Amino acid sequence: MEIIKIAGTEDTPSIHLDLENDILEISGRSLPEDVANFYEPVLTWLDEYSKSPKPKTVFSFKLVYFNTASSKMLLDILMKLEDIHADGHEVLINWFYPEDDEDMEEAGEEYADIVDVPFEKIAYN
Amino acid sequence: MLISKIMNTGQNNAKGFLEFVYEFYKSMKAHEITLVYEGEITHQITKAFTSLTESNMAKEEETGAVQRKVFHVMVECLQNISKHADDFSSADDYLFSGKGIFLVAKGDDEYSVTTGNAVDNNRIPELTEMLENINRLEKDDLNQLYKKQMKEGRLSDKGGAGLGFIDIKRKTGKKLDYHFLPISETSSFFLLTSTISRTM
């Protein structure tokens, strides 16, 4: 599969999808001008990946900020991971949050509630 | 009142205009306004204002939680205008031919973020109902509403998810104050204030 590596900016997260190095990660800040357009490559990549996923998929979110429009796109990503899980493959979501950021912690809990996928919350400082 | 003052003095009397600027400055100080902008709200403007406010808050050593909440409310309010403001570009009334007003005030106890933009009168009932509903709900119900809207809602053509107001209320814990002032038979000026406590 193609490697996606997009460097983060002040308003877009960094995205790293690299199966060879076992890295599936979205990190940083997300308030793109056009969220649908920004996240489209990630969703397309996941559609392709879901046709023949690895036995275990670990996807990490390490966001420090996302706006409400992005929250919708993050859910779309999580729902694709949920589908892979529902097809009988192992999936784990790592939700990193700054230890003093209650809102980011709660956002993780909220997603864990909505999608049926093993979800791990990890505080960092 | 201020506007008529500009009209009366600004165009033919530089001294009068400069006096107005001083009055305007004093008025901003009296209302503890730290940022005010009138015009089109673009993504560039959103980035510039949020980063400016962010560095001011950091300098003033606001807590991380306050900084994050103010940042978030600003982003949502600015994007609300850039994504939802009705297009009145053809309006001949110079007051409303821009896209809106945005201001941030900082008091001893709280920050407030206020937006104002022209809306078509037929949108008032829908906006009122949505805001009243959000104001009525407590945090748990707001969380439920947010989840439902995130799952079922669709992004609009301009990329709005209809989640901004819900999220502002649940993150600040404060009611959204709003007001509609008539502009004409068919349009009104929609003002909305969100407050963020400085003691979080």
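Biologist: To start with the contact between the chains, how many residues does it take from chain A and how many from chain B?

Modeller: This is a predicted model, in which local features need pLDDT of at least 70, side-chain atom pairs count only at pLDDT 80 or more, and totals for chains, interfaces and linings use all residues. Residues are numbered from 1 along each chain as its sequence is written, while chains are lettered from A and ligands numbered from 1 in the order in which they are written. Two residues are in contact if their C-beta atoms, placed from the backbone, lie within 7 Å. On that basis the count is 18 residues from chain A and 20 residues from chain B.

Biologist: Which element gives the most to the side of chain A that touches chain B?

Modeller: Helices (H or I, at least four residues) and strands (E, at least two) are DSSP runs, numbered from the N terminus. Helix 1, helix 2 and helix 3 of chain A each give two or more residues to this side. With five residues, the element that gives the most is helix 2 of chain A.

Biologist: Let's look inside. Which members of the largest nonpolar core touch the most other members?

Modeller: A nonpolar core is a set of buried Ala, Val, Leu, Ile, Met, Phe, Trp, Tyr and Cys residues joined through C-beta atoms within 7 Å. Buried means 20 or more other C-beta atoms within 10 Å of a residue's own, exposed means 12 or fewer, and partly exposed is in between. Of the 28 residues in this core, the ones you want are A:I77, A:L78, A:L81 and A:I93.

Biologist: And which element gives the most to this core?

Modeller: Several elements of chain A give two or more residues, including strand 4 (56-66), helix 2 (68-86) and strand 5 (90-98). The most, seven residues, comes from helix 2 of chain A.

Biologist: Are helix 1 and helix 2 of chain A roughly parallel or roughly antiparallel to each other?

Modeller: Their axes, lines fitted to C-alpha atoms over the stretch in contact, come within 10 Å and cross at roughly 5°. Angles run from 0 to 180 degrees between N-to-C directions; under 35 degrees counts as roughly parallel, over 145 as roughly antiparallel, 65 to 115 as roughly perpendicular and the rest as oblique. The two helices are therefore roughly parallel.

Biologist: Over in chain B, what is the strand order of the open sheet of five strands?

Modeller: Strands pair if DSSP finds at least two bridges between them, and the pairing here is antiparallel. Strand 1 (33-38) and strand 4 (177-182) of chain B are the edges, each pairing on one side only. The order is 1-2-3-5-4.

Biologist: How many residues of strand 4 of chain B are buried?

Modeller: Six bridges join strand 4 to strand 5 (residues 187-197) of chain B, and a hairpin links these strands through four residues. Strand 4 of chain B has six residues and lies largely in the open, because the number buried is zero.

Biologist: Finally, which residues is A:E105 in contact with, leaving aside its neighbours within four places in sequence?

Modeller: A:E105 sits in helix 3 of chain A and is partly exposed, with 16 other C-beta atoms within 10 Å. Its C-alpha atom is separated by 7.5 Å from that of A:K121, 16 residues apart along the chain. The contacts are A:Y97 and A:K121.
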